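Hi,

Here is the structure I promised to pass on.

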Amino acid sequence: MDRLLSTRSYEWVDQEAFARLSGDFNPLHMDRAAGRREFFGAVVVHGVHGLLRALDAWCVEHRGALSLTRLRASFPDPIHLDRPVQTWLTEQHEGCVRLRAESAGRTTLQLELAWQASHAPCAAPPLAPPA
């Protein structure tokens with residue numbers, strides 16, 4: 001059932017924005033010189049950034065409030081900057097979906113979500129802006 005949901009590339013400006021948002025300034029993600037010396041040979045995109053973008057691609061088509069009941073993710077290979085990443089819908093049933101992200105023919109994310117319909121607005125307080 002594989003169906004393409006989105007294609008996008010991550011640029012340096014995306015790295016900076018996500019690092020500020022998340023507070024994760026790990027050199028693996030933010031230091032080009034250190035990234036070249038690390039296992040992947042370059043800085044790599046934050047895994048959670050890729051996960052959130054995959055969720056966003058799926059949410060574009062899924063309207064209505066929902067409550068996540070399970071989220072399971074694995075990150076088999078890294079996402080490199082300036083390379084296209086495709087997000088694929090691989091399976092969908094009532095209350096469950098599986099997504100996969102790929103770049104350069106390699107799987108960068110496997111994601112399984114389960115949810116329930118929700119009719120109540122979010123009761124959490126709004127997040128404070130980063131300092």
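This is a predicted model: local features need pLDDT of at least 70, side-chain atom pairs count only at pLDDT 80 or more; totals for chains, interfaces and linings use all residues.

A quick convention before the strands: two of them pair if DSSP finds at least two bridges between them. Helices (H or I, at least four residues) and strands (E, at least two) are DSSP runs, numbered from the N terminus.

Residues are numbered from 1 along each chain as its sequence is written, and side-chain values use heavy atoms, with hydrogens and water left out.

On to the sheet. Five strands make an open sheet, ordered S1-S3-S4-S5-S2, with antiparallel pairing. S1 and S2 sit at the edges with a single partner strand each, so one side of each has no neighbour in the sheet. From one strand to the next the twist averages 20° (axes are lines fitted to C-alpha atoms, for helices over the stretch in contact, and angles run from 0 to 180 degrees between N-to-C directions). Helix H4 packs on this sheet and touches S1, S2, S3, S4 and S5, its direction making about 55° with that of S5. Contact here means heavy atoms within 4.5 Å.

On one side, S4 pairs with S3 (residues 85-93) through seven antiparallel bridges, and Arg 100 is the bridge partner of Trp 88. Two residues lie between the strands in that hairpin, where Gly 95 has a positive phi near 85°. S5 (residues 106-117) also runs antiparallel to S4, joined by eight bridges, with Cys 96 opposite Ala 114. That hairpin has two residues between its strands as well, and Ala 104 takes a positive phi near 55°.

Also in S4 is Glu 102. Its side chain makes a 2.9 Å polar contact with that of Arg 100 (a pair of N or O atoms within 3.5 Å; within protein, one must be able to donate a hydrogen and the other to accept it, and residues adjacent in sequence count only if both atoms are side-chain atoms). Leaving out residues up to four places away in sequence, Glu 102 touches Pro 84, Val 85, Gln 86, Trp 88, Thr 107 and Thr 108.

Back to H4 (residues 47-59): its buried residues include Leu 51, Leu 55 and Trp 58.

And what turned up in the aromatic search? Searching the whole structure gives one pair. The rings of Trp 58 and Trp 115 have centres 4.9 Å apart and planes at 55°, so the pair is tilted. Rings of Phe, Tyr and Trp (its six-membered ring) pair if their centres lie within 6.5 Å; planes under 30 degrees apart are stacked, over 60 edge-to-face, and the rest tilted. Trp 58 in H4 and Trp 115 in S5 are 57 residues apart, so to speak linking distant parts of the chain, and both are buried.

Cheers

Key:
Buried means under 20% relative accessible area, exposed over 50%, partly exposed in between (1.4 Å probe, protein chains only).
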